[in-house]
Amino acid sequence: QKQKTTTEDNPCEADIICTREFRVVKLQILEKDGTPVQLDSYYTRFEESKVTIDSKFSQVEEGFYPVATDAEMESIEFEGTKVRFIGVKSGKTVVKHDFILGKDCCHISLLKGEEKITL
């Protein structure tokens, strides 16, 4: 019989096998006329920190910006963590959008929040 190596904080098996997929939660930001918004900068505020996700995960020409990736799993609780995506254009904050992100033993996931917004 295999012994479970789980704790209250981490209900995952130590030898769990996850897919190689690297998940990214993205937000699409559009103007009222449907054109993609081009932000000058963006970041995601977690409770204790702020994280700028690598731009290789954005698709700016379509208005997609990364909110969080599997790399941020340590900052996300299983039952959900509130995060705020901040977008800046021309020196002004033009986007403040809240999400609740959760995770399972392998990947992050979006629990609550719109994945597409219009300014």
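A salt bridge is a side-chain nitrogen of Lys or Arg within 4 Å of a carboxyl oxygen of Asp or Glu. Side chains of opposite charge can pair when their charged atoms come close. The model shown here is predicted: local features need pLDDT of at least 70, side-chain atom pairs count only at pLDDT 80 or more, and totals for chains, interfaces and linings use all residues. Residues are numbered from 1 along each chain as its sequence is written, and side-chain values use heavy atoms, with hydrogens and water left out.

Start with confidence. pLDDT is the predictor's confidence in each residue, from 0 to 100. The protein chain averages 90, and 92% of the residues score at least 70. Residues 1–7 fall below 50. That stretch has nine contacts in the model beyond near neighbours in sequence. A contact means heavy atoms within 4.5 Å.

Next, the overall build. The protein chain has eight strands and zero helices. Helices (H or I, at least four residues) and strands (E, at least two) are DSSP runs, numbered from the N terminus. Along the sequence the pattern reads β-β-β-β-β-β-β-β. The C-alpha atoms fill a box of roughly 60 × 25 × 20 Å, taken along the principal axes. Take the contacts between residues at least 6 apart in sequence: 61% of them join residues at least 24 apart.

Now the surface. Of the 119 residues in the protein chain, 34% are buried. Buried means under 20% relative accessible area, exposed means over 50%, and partly exposed lies in between (1.4 Å probe, protein chains only). The protein chain exposes about 7800 Å². Carbon and sulfur atoms supply 46% of that area. Accessible areas come from the Shrake-Rupley method with a 1.4 Å probe; for residues, only the protein chains shown count as cover.

Back to the charged pairs. The structure holds three salt bridges. In one of them, Asp98 pairs with Lys82, with the closest N and O atoms 3.8 Å apart. This pair links distant parts of the chain: Asp98 sits in strand E6 (residues 92–103) and Lys82 in strand E5 (residues 81–89), 16 residues apart. Asp98 also meets Arg84 in a salt bridge, at 2.7 Å from N to O. Here too distant parts of the chain are linked, with Asp98 in strand E6 and Arg84 in strand E5, 14 residues apart. Through shared partners, salt bridges join Lys82, Arg84 and Asp98 into one network.

How open are these side chains? Asp98 has a relative accessible area of 29%, so Asp98 counts as partly exposed. Lys82 is partly exposed at 48%. Arg84 is partly exposed at 33%.

Another salt bridge joins the side chains of Glu21 and Arg23, at 3.1 Å from N to O. Glu21 has 42% relative accessibility and is therefore partly exposed. Arg23 is partly exposed too, at 31%.

Finally, look at Glu31. Glu31 is found in the loop between strand E1 (24–30) and strand E2 (41–45). Its relative accessible area is 29%, so Glu31 is partly exposed. Not counting residues up to four places away in sequence, Glu31 touches Val37, Lys89, Thr118 and Leu119. Glu31 and Leu119 are 88 residues apart along the chain, yet their C-alpha atoms are separated by 5.2 Å.
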